[in-house]
Amino acid sequence: MKQKIVIKVQVIKCDNCRSKAMETAAAADGVISVSLENRENIVVTGDGVDAANLCIELKEKLGYASLEIVEELMENTENNETNPTPSTFTSYASSCPNCRDSDSCPCTIL
């Protein structure tokens, strides 16, 4: 199952550190995409990525890394989508105590 991993790193001002962090994250097994969010969070999307090991590798390269979020992503594929059946409208008899004839009741919900 795909997962999203957010690791906080201190690469705000250093372009070299940012590129080193992105390369390290992209080299991990199972990584599909890597992005930098707010210039302090590495966001990794992947399948079977070892988040703890990735955080340790980033910490060794950069001096600081903190694992913030690991969450599973739901997959939206064409095979899993179901086509909704068209709605059918049914007339229901009113429970209005003032109406005696349920067929001509103006309170009937359509």
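1. A word on the model. This is a predicted model, in which local features need pLDDT of at least 70 and side-chain atom pairs count only at pLDDT 80 or more, while totals for chains, interfaces and linings use all residues. Residues are numbered from 1 along each chain as its sequence is written, and side-chain values use heavy atoms, with hydrogens and water left out.

2. Overall layout. You will find two helices and four strands, arranged along the sequence as β-α-β-β-α-β. These elements are DSSP runs numbered from the N terminus: H or I of at least four residues for helices, E of at least two for strands.

3. Strand pairing. Strands pair if DSSP finds at least two bridges between them. Strand β1 (residues 2-9) runs antiparallel to β3 (residues 41-47) over seven bridges, and I7 sits opposite I42 in β3. Seven bridges also join β1 to β4 (residues 65-72), again antiparallel; here I5 faces V70 in β4.

4. Of the 110 residues, 25% count as buried, meaning under 20% relative accessible area with a 1.4 Å probe and protein chains only; exposed is over 50%, and partly exposed lies in between. Among contacts (heavy atoms within 4.5 Å) with a separation of 6 or more, 57% link residues 24 or more positions apart.

5. Cysteines. Why are there zero disulfides? A disulfide needs two cysteine sulfur atoms within 2.5 Å, and the sulfur of C17 is 3.2 Å from its closest cysteine sulfur, in C14, so that pair is too far for a bond. C17 is partly exposed at 22% relative accessible area, whereas C55 is buried at 10%.
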